[in-house]
Structure formats: C-alpha cells, structure tokens
Amino acid sequence: MPNWTNIKATWSIRLFALAKIPMIALVRPTVVQADSEVCIVRIPLSWVVKNHLRTMYFGALCVGADMA
C-alpha cells in the first residue's frame, strides 16, 4: 500500500520544480521517506544525470542534497 504522504511530497516537489527550478524537474527526484528524523530522496540514474564516466553528475547530487 503506497504511503500517500510521500506521494504528495514527491508531486509537490515536482510541480514546484516545473514552475521555478527546471533542474529539479529534469532529475525527477522521489521522496522515499520523510519525517522529523529522516529524509530520503531517490534520484534515478538515467542518461540525463550520468556523465561520460557513467557516474552521477555533481549537479544532480547537489539537487538531491538540497531536496533532502
């Protein structure tokens, strides 16, 4: 059963990103867990966020850190 709080947080981030910060929308972050103690954000390793060494760009890592 899906956690509706995490789904709501994910979509609010994505809608905000579309309006204000396109880089966040580009990397498609997903909220895995968010409460007063822990915040976990997942960014899929797609071709958009990979560099020529097949690792994640530093900019995408910074987006994940900012979202958390």
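Residues are classed by relative accessible area (1.4 Å probe, protein chains only): buried means under 20%, exposed over 50%, and partly exposed in between. Ala19 is exposed, with a relative accessible area of 59%. This residue lies in helix H1 (residues 4-19); helices (H or I, at least four residues) and strands (E, at least two) are DSSP runs, numbered from the N terminus. The C-alpha atoms of Ala19 and Thr5 are separated by 21 Å, at 14 residues apart along the chain.

The model is predicted: local features need pLDDT of at least 70, side-chain atom pairs count only at pLDDT 80 or more, and totals for chains, interfaces and linings use all residues. Residues are numbered from 1 along each chain as its sequence is written, and side-chain values use heavy atoms, with hydrogens and water left out. The chain has a mean pLDDT (the predictor's confidence in each residue, from 0 to 100) of 87. Of its residues, 99% reach 70 or more. Confidence is lowest in helix H2 (residues 22-27), at a mean of 85. Strand E2 (residues 39-42) has the highest, at 89.

Strand E1 (residues 30-34) runs antiparallel to E2, and four bridges join them. Strands pair if DSSP finds at least two bridges between them. A hairpin of four residues links E1 to E2. Val31 stands opposite Val41 in E2.

Helix H2 contains Met23. Met23 counts as partly exposed, at 35% relative accessibility. Together with Phe16, Ile21 and Leu26, Met23 forms a nonpolar patch on the surface. The accessible area of the four together is about 350 Å², by the Shrake-Rupley method with a 1.4 Å probe. Patch residues have over 30% relative accessible area and no salt bridge, with nonpolar side chains (Val, Leu, Ile, Met, Phe, Trp, Tyr) joined within 5 Å and like charges within 9 Å. A salt bridge is a side-chain nitrogen of Lys or Arg within 4 Å of a carboxyl oxygen of Asp or Glu.
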